[in-house]
Each structure stands twice: as structure tokens, then as C-alpha cells.
Amino acid sequence: MKTYKGVFLDPVDGEAIAGYLTVEDGMIAGIDMAAPQGAEVVELDGVVIPGLIDAHVHLTMSGGLDPMAELEEMSDFLLLARAAGYLRRYLDAGVTAVRDLGSRAGAVIGLAQAVERGELAGPQVVAAGPVITPTGGHGWKFGLEADGPEGVRRATREVFKMGARAVKFMATGGVMTPGVRAGAEMFEEEELRAGVREAEKRGAVSAAHAQGLAGIKNAVRAGVRTIEHGAFDGWDEEAFLLMERQGTVLVPTLAAPDGILRGEGEVPEFMVAKTRPIAERHRENALEAYRAGVAIAAGTDAGTPLNPHPNLARELELLAEVGLELLDVLRAATTVAARTLGLSASRGRLAPGYVADLVALDGDPLESAAAYARPLATVVGGEVWRG
Ligand SMILES: [Zn+2]
């Protein structure tokens, strides 16, 4: 048993309590005003929140200027070894869980398993393995191509056979595949439905890369749990109603266009040209969805150009900048992000029964989102992370 003394902020009520958090077997046993008798007390400075969650990363991509060119040159072995190093940086930054939404050849599934077995230090990784996309669709170079409900069903079974704990479908085109229009519909609703059903059978979350309204609605109607990126054209009331009714979470990944546009002149020109016309709408649309009551989770798309591992603090700053209330920014990286990993019952809160993953920030995140960039200490499974 271990006890931490500090100021604890739970994202559900948004109240900070000065007290003692007790850990048993890696889980939070209680938060009390007084230290339990005979407890070994460790003091944490700053404001303590649950370990942060990044709902959308790509651990086999570097976040350098041209990650796709790197993928062509590097072996799966090198990609995997490099990714193992990124995991430590996530812990340094207070990020204790991530969802990897697409890695070539499923390399990240092995990392996820090594962390789970306690053989590698890192955040919990919920890995989707290779993305599932129609023939020639967005991300086909590092994904599994599948067509028709039967084909998608089979591909989805394939990624779960590899050990994936989530699955990602390309519902529309995207920015990083040349010759594919961002936002153009890809999978049909029936194809998505067949894949989602396979995920549901296994209690796993399904995600859809979706950047256009028609593709978003296909995905939501098919029962996909999370929409990645969101509307580049515009929303409508029907989409909001559908998302609210189904509890679909939106993961805007504002850090992705932010990185590409900051790299103008250095990142491949076709990516800049595809991003520039939609970046402003993307931000406005994230805010519009938020105002309509859609749950927003923080995901960076880390690995894409100038979007390094980790980059969650930047995403949280951007979510605050577009107009989310600071308590909802905190929830986006804790309670709501936990839903996107299918881990609502164990992560994202400071409450008994939740994993004892904590981060102490130098500053109050309910006063300024800049506090996320100043982690003082990370606690993983009840132990202070020493790096
Ligand atoms: Zn992505």
C-alpha cells in the first residue's frame, strides 16, 4: 500500500481536493482527508489529475517532415524498435494510455502486449494494427485492403486474430495519400456495419477515419464508436442527432493540420495543398460539434508531419483555443478519451477502482491549458515513473 499527498482534481466534478490518495495493487483504493495509519506518504507537487490519454497516435510514424517516405525505407523491425523509445517519452509527458490507430504490419500490437506483460515501460497501448481500407483507399500502403461486407468482415477478423484491441476503418479519403481526395466517401455503410459487428462481438472499439459529412454519417449509422478528424465540409443537424443518440465520440486531431501547415515549404507540398483549404473549417466544425453536445476526445494523430511523440499538450492547447471549456479539455484527455479506448471503467478518473495512473502538473489545467505542457511527475500503476 502506498499513499500520495497532494491536490487531486477529478475530471467528473472538476473539484480539486487536498488530501491523500491511497494505492493498492496498482489501483486507487481511496482519496481521504487524512493519511491512513502507518502509510508511507509520498508528496506530489502541483495539481494531480488522472494519467492523460491520447486517443489517436501512430507509433510507427515519426512526426518528422515526411513520415510516409520513411515508412517506405524502414523495415518493420526498425519501426518497432523506434516506437519502443517513443513510449518512454509518453510517460515523461504524463500520458499513460494511447490508442494506436494504424501501424504497418501490426507492429504496434507486439509493443502493446509487451507493455501489458510488464516487459516494456510505456503507456497502455490499445492498438488497432493495420487500418482497413477499400482497394486503393486512404492509407492502402500500410493497411489491409478489403471490399464488400464479406471482405471487410474477413479483414476485421484478421486484425483481431493478430491481437488488435481496436479496429480502424477508412470511411473517407485523407490528406496523406496522394491522389485520394480528403473527405471523399470510401467504404459504404454496409461494409462498415460488417466490420463494426466484428468489433462489437469482441467488446472492442471501432474507429472511422472520416473527414466528410456523407462518410461520417455512414460510419455513425453503421455503429462506429469514434469519428476521427471530423467534418471538413460542414455538419448538419442529422449528424449531430445521430452522434448524440449513439454516443459517438469525435476525435478532431487538430494537431495534425497544425503540424502540416507549420511545416509549409518543408513537408511534401501535396499535403500542404490538401490541408490549407480545410484547416479553418476543421476547427470551426470541431467547435460546432462541441456546442451541439457531441463528446470530444483528445487525439493528436502523432506521427504525422511535425506532430511528434508525444504532442498531447499541443492538442489540448488547440482544443482550448477553438473554444472548449477548460473542464471539457481535461475530460477530452481523461474520461472521454477513456471511452475511445473502451476503458471507461478503469481509466480517466481519480476514484476508487480506477488504475492508479496520475500526472502532477505545474499549474491548474482549469485555469490554463498551458499547464499540460508542464508535467512535474508521472505515477504509473501506483509507482512514480523515474525515466
Ligand atoms: Zn491517424
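Start with α9 (269-275), α10 (279-291) and α11 (312-322): they are among the elements that cover the buried residues of α8. The model is predicted.

**Stop 1: helix α8**

Now select residues 255-262, which make up α8. How many of the 8 residues are buried? The count is 6, so the rest of the structure largely encloses this helix. Colour the buried ones: Ala255, Ala256, Pro257, Asp258, Gly259 and Ile260.

**Stop 2: helices α2 and α3**

Move to α2 (residues 76-92) and α3 (residues 107-116). Their axes come within 9 Å and cross at roughly 40°. Angles from 65 to 115 degrees would count as roughly perpendicular, and those under 35 as roughly parallel. The two helices are therefore oblique to each other. Their crossing is right-handed.

Show side chains at the contact. From α2, pick Asp76, Leu79, Leu80, Ala83, Ala84 and Leu87. They meet Ala107, Val108, Gly110, Leu111 and Val115 of α3. By class, this contact has 9 nonpolar residues, 1 polar and 1 charged.

**Stop 3: the open sheet**

Next, select the strands β5, β6 and β7. They form an open sheet in the order β5-β6-β7, and the pairing is parallel. Which strands stand at the edges? Those are β5 (52-57) and β7 (124-127). Each has a single partner strand, so one side of each lacks a neighbour in the sheet. On average, neighbouring strands here are turned by 15° against each other, direction ignored.

Zoom in on β5 and β6 (residues 95-100), which run parallel and are joined by 4 bridges. Finish at valine 57: its bridge partner in β6 is aspartate 100.

Note on methods:
Residues numbered from 1 in each chain as written. Predicted model: local features only at pLDDT ≥ 70, side-chain atom pairs only at ≥ 80, totals over all residues. Axes fitted to C-alpha atoms, helices over the stretch in contact; angles between N-to-C directions. Parallel < 35°, antiparallel > 145°, perpendicular 65-115°, else oblique. Left-handed = near helix turned anticlockwise from the far one by under 90°. Contact = placed C-beta atoms within 7 Å. Nonpolar A, V, L, I, M, F, W, Y, C, P; charged D, E, K, R; others polar. Buried ≥ 20, exposed ≤ 12 C-beta atoms within 10 Å, placed from the backbone. Pairing = 2+ DSSP bridges.
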